[in-house]
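Please consult the sequence and the structure alongside the text.

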Amino acid sequence: MTHSRVNASFQTNNELLSPVLNMERLGLLHAKYDIGTKSYITRNVDLTGNDFSVIKVILESNKPTNTGVRVFHSVDDGYNWTEFLTPTSTMDVDSFWMEYQFLIDFDPATYEQFRIRIDLTSTTTVNTPRVRKLRVIAY
């Protein structure tokens with residue numbers, strides 16, 4: 001069990017108000033931020049009967065200094081992973097987010113299922129990468 005000690009100082013500039021701490025409604029959240037890699041893995045997408053030879057991944061990411069985002073695909077239910085090494089295109093969405101597109105063409109081979117894995121890496125607990133708006137197209 002984790003124990004915490006909180007010291008609080010209450011002040012007011014209004015002599016008609018007295019600060020109060022309600023211990024019955026007090027909540028404290030303990031959060032641990034690890035340095036290293038965190039992974040997001042999609043569910044297996046089974047397209048049996050609709051074989052594909054191309055996977056296109058589109059996502060928006062914010063990568064502060066000393067962080068990274070790596071994108072992988074698997075066509076065997078996550079037993080083996082292959083990294084998309086470089087984006088096929090990038091585009092600024094705004095001053096915070098950038099859109100990345102990745103493409104893998106297996107032609108002439110075709111597959112029936114896939115998974116996507118996104119690894120978020122950081123060398124510091126202060127800056128962490130973010131990803132949003134993940135879209136995957138298989139054709």
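In which loop does Thr 42 lie? In this predicted model, Thr 42 is found in the loop between β1 (36-41) and β2. The chain has 0 helices and 9 strands, and the points below move from its overall organisation to individual residues.

**Overall organisation**

- Read from the N terminus, the order of elements is β-β-β-β-β-β-β-β-β.
- Of the 139 residues in the chain, 24% count as buried.
- The chain exposes about 10,400 Å², of which carbon and sulfur atoms supply 49%.
- Among the contacts in the chain with a separation of 6 or more, 78% come from residues 24 or more positions apart.

**Nonpolar core**

- The largest nonpolar core comprises 13 residues.
- The residues with the most contacts inside this core are Ile 55, Val 57, Leu 59, Val 71, Phe 84, Phe 102 and Ile 116.
- At least two residues of the core are supplied by each of β3 (54-62), β4 (67-74), β7 (98-105) and β8 (113-122).
- Ile 116, one of the residues with the most contacts inside the core, has contacts beyond its neighbours within four places in sequence, including Ile 55, Val 57, Val 71 and Phe 84.
- With those sequence neighbours again left aside, the contacts of Ile 116 also include Tyr 40, Ile 41, Thr 42, Phe 72, His 73, Trp 81 and Val 136.

**Aromatic pairs and a charge over a ring**

- The chain contains 4 aromatic pairs.
- Phe 52 and Phe 114 form an edge-to-face pair, because their ring planes stand at 90 degrees, with the centres 5.6 Å apart; planes over 60 degrees apart count as edge-to-face.
- Phe 52 is buried, at 1% relative accessibility, and Phe 114 is buried at a relative accessible area of 5%.
- Phe 96 and Trp 97 are also an edge-to-face pair, since their planes lie at 75 degrees and their ring centres are 5.2 Å apart.
- In this second pair, Phe 96 is partly exposed, with a relative accessible area of 37%, whereas Trp 97 is buried at 11%.
- Arg 117 is placed over the face of Phe 72, at 4.0 Å from the ring centre.

**Two buried threonines**

- Thr 42 counts as buried because its relative accessibility is 14%, which is under the 20% limit for that class.
- Apart from its neighbours within four places in sequence, Thr 42 is in contact with Arg 115, Ile 116 and Leu 134.
- Thr 67 is located in strand β4 and also counts as buried, at 17% relative accessibility.
- A polar atom of the Thr 67 side chain lies 2.5 Å from the backbone oxygen of Pro 64.
- Beyond its neighbours within four places in sequence, Thr 67 is in contact with Thr 121, Ser 122, Asn 127, Thr 128 and Pro 129.

Notes. Residues are numbered from 1 along each chain as its sequence is written. This is a predicted model: local features need pLDDT of at least 70, side-chain atom pairs count only at pLDDT 80 or more; totals for chains, interfaces and linings use all residues. Side-chain values use heavy atoms; hydrogens and water are left out. A nonpolar core is a set of buried Ala, Val, Leu, Ile, Met, Phe, Trp, Tyr and Cys residues joined through side-chain atoms within 4.5 Å. Buried means under 20% relative accessible area, exposed over 50%, partly exposed in between (1.4 Å probe, protein chains only). Helices (H or I, at least four residues) and strands (E, at least two) are DSSP runs, numbered from the N terminus. Contact means heavy atoms within 4.5 Å. Rings of Phe, Tyr and Trp (its six-membered ring) pair if their centres lie within 6.5 Å; planes under 30 degrees apart count as stacked, over 60 as edge-to-face and the rest as tilted. A charge sits over a ring if NZ of Lys or CZ of Arg is within 6 Å of the ring centre and within 35 degrees of the ring normal. A polar contact is a pair of N or O atoms within 3.5 Å; within protein, one must be able to donate a hydrogen and the other to accept it, and residues adjacent in sequence count only if both atoms are side-chain atoms. Accessible areas come from the Shrake-Rupley method with a 1.4 Å probe; for residues, only the protein chains shown count as cover.
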